[in-house]
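Hi,

Here is the structure I promised to pass on.

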Amino acid sequence: MNRTDDRLLPVLLICAQALVWPGAALLRGSVPSASALLVAALVAGPVTAALALRRTRPVTTLVLVAAACAVGAGPLPTGAMAVLGTAGVALALFTVATERDTFTAVLCVVALVAWQLLQGLSLHGLSDRNGLDLVLTALLYAVACGAGLLVRRTRRARQTAELLLKRAETERHRLPAVERRRMERELHDVSAHHLTAVVVTAGAALGLRDRRPELAAEALEFAVGTGREVTRALGAVRAPAPSREDLPSPEDRLLDLVAGFRRLDQQVDCEIDPLPDGALADAAYGIVREALTNVARHAPGAQTTVRCRYGDTRTDVVVTSAAPPEGSTAHGAGLGGGRGQGFLRSRAREAGGTLHSGPTADGGWEVRAVLPGRTAAPAERSVPRSYRVAQLTAAVGLVLQPLLPVLVIRAETASSSSHVSAGVLFALLAAAQAVALLWLRRAPRTAYGVLLGLALLWPVAMAVGDYSGPVVLPPALSMLATCAALAAEAARKAAPRTTGPRKGRGELRDQPPRTRSVTTALRAERIAAVVVHTAALTVAVLDRGTTVPAWAVAASATAGASLAVGAAWWGGILRGRRDLAARGVREEQLATWTGEAVRDAWAERRRIAAGLETTVLARTADMVAQAEAGRLDETAERAREALAAMRALLDAVREGEGETGPELRPQPTLQALDLLAHQSRATGREVEIRLTDRVPEHLPTAVDLAAYHAAETVLAAGGEEPAVLELDVHDGTLTLTATGVPRAARPAVRERLAARVAALGGTLTNDRPGTVCLRLPLAAAPESEESAR
């Protein structure tokens, strides 16, 4: 909501309050006094202003609104603060739940309910036997808080999905460049250490051929061995093993960084967890590097600690330096441009986190960054324990305020009556239902049965407590808890109905058997809810006494209960459908971007490999042939040509950055599995590729393509569990076993896998949960081979 909407809601509340009072009083011909109107205006003004600022200061707004409404409720007539005291406080409480953490929201609800209870006791004592208003108020606050927490969780889930997609999109553009730099670096190493050595050795042997003829034989032997080593090394550059890590891990990069600063006489201790390669690791590396650089500039020799903790929901990167030792001189204090702190915050913000820096108690400096963790959830600031203690102290202080009139102004004798009011019984029943709802996720059947049993006790509480209010209200309140449980259960059971990244309303129609199974599973619960609440409502109405026939009361109660239960059930179904559609969209987009990233990186690898095959490898093979024939002059010339071709290829790689087009994107094969695993790790999921020694370097094209696309399909099904893909060849069959992929058992995923396997006459099994096994015969049919090309 924008700022205009923030101001619009409080104005609407003021208008509604004006219609209730003094509007209703004016229609009855009762003109309020000037003093009452003045008090109402003095209360409504601050409440409206506070509610307009509720997003920036939600807790302060809640305290101000509740206090203002309580002060105005004393001198004003009944109903003068009804809307502001209920809807206004509920709106402020809803904002607290959406903008602050769960602890703060629950603390506000408990403190507010306790405060109003004590205020009622101080004003009315224990004489109010119909305390349903307190139950209704507590229920309103609980609903407002629950709705706010639900909105916050939904918003957080959406932010997590957006962050995950952002991370995937970043890696989609990053992976081809990473692959290009890897190949460029290794090509440079090969040219510098191998071909250059051949050129130098052959040139020296030619120059000393007359005086030292034995050097020629040694140079030729060296050229043969080095040429074969070049061929092997370039083969690894073209198609590295999927399980091989070509780049240093983020942990090794950070350790090398710390070691470099130690060589500069910096005292640095480190505790570093392994990080996934990608934007997160780059952000952590950049933050640590900038922080250590600042320490070296401004506090040389200071004891420094680097901690990097990679968790499920957050990653903490902390660099803490002590005060510089006495007598040290900061020679680099004036070398910075003053933009280091801005760079630090921008790095953390781009990675989806936050960063704070400042002095420590002992005169040092600390840089603390909170970045996303394995689940890609948005990082939250950690709350110190002292702040929680301050919150509890303030809440207790506010709650005890209503007791001051009782302790100071008056002292009333407590009632000696042993009669329990209906309000107390209703509050106990509502609390029991709330506890049952808390156990709904862990023990759904038991919690649901407890809720139905408690629903039958509400008419008993009405009779025992001599309740004289609206007869339908208490059974309706009990039905709210049952409907909430039923909606949650419907949403949970509706979740498995969609089986892939399809989206839209056609999902449920695409799965009629699963829809029928969900309907059957919930039918008994719906019938039980209707029967129990019909009985409770009928008993309550008949016990009060009515001229309406019993069958009419039962029929009306059945219709009302059926309508409420049906609405709750369909609400849960629609919520489950919406959540699954959103998850399907995210998984489909993630799979699409992963596929594009791998294909772009594979195109870079193939483009450079094609240059190797037509230039460097061909000249290297000629060099080896000439060396084996004993022609030293031709060997030296071919080595120079291979070296020149290598350098030309390096120049072409640098000039051709970003020029990969769709026409240069060949279909990846199993040699691209390392790229697929790299992309998955960069988005927060651990993926390991294992190839046995029996897997040949060259497979039939159709089998190679089918196996890669099967692995891509399994990983694209989604999930956060660590996955392992193992490939083996035995008795002429390639076996691909994927573990840690429970979503691969979905019918849509199995259908795609079966189609790829069936085209080659293979088999697909899913005997264990989370495990998929594909077997592809290497003797592919010629038509399959031709279609793959």
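Which residue with a positive phi follows α21? G684 does, with phi near 100°. Keep in mind that this is a predicted model.

Helix α21 covers residues 673-682. Is it mostly covered or mostly open? Mostly covered: ten of its ten residues are buried. Among them are L673, D674, H678 and R681.

R605 has a relative accessible area of 0%. The cut-off for buried is under 20%, so R605 counts as buried. D674 is buried as well.

Now the sheet. Five strands form an open sheet with mixed pairing. Their order is β6-β7-β8-β10-β9. Why do β6 and β9 each have a side without a neighbour in the sheet? Both stand at the edges, and each has a single partner strand, so one side is left without a neighbour. β6 spans 687-691 and β9 spans 763-765. From one strand to the next, the twist averages 15°.

Inside the sheet, β8 (residues 733-739) and β10 (residues 771-777) run antiparallel. Seven bridges join them.

Best wishes

Definitions and conventions: Residues are numbered from 1 along each chain as its sequence is written. This is a predicted model: local features need pLDDT of at least 70, side-chain atom pairs count only at pLDDT 80 or more; totals for chains, interfaces and linings use all residues. Side-chain values use heavy atoms; hydrogens and water are left out. Buried means under 20% relative accessible area, exposed over 50%, partly exposed in between (1.4 Å probe, protein chains only). Helices (H or I, at least four residues) and strands (E, at least two) are DSSP runs, numbered from the N terminus. Two strands pair if DSSP finds at least two bridges between them. Axes are lines fitted to C-alpha atoms, for helices over the stretch in contact, and angles run from 0 to 180 degrees between N-to-C directions.
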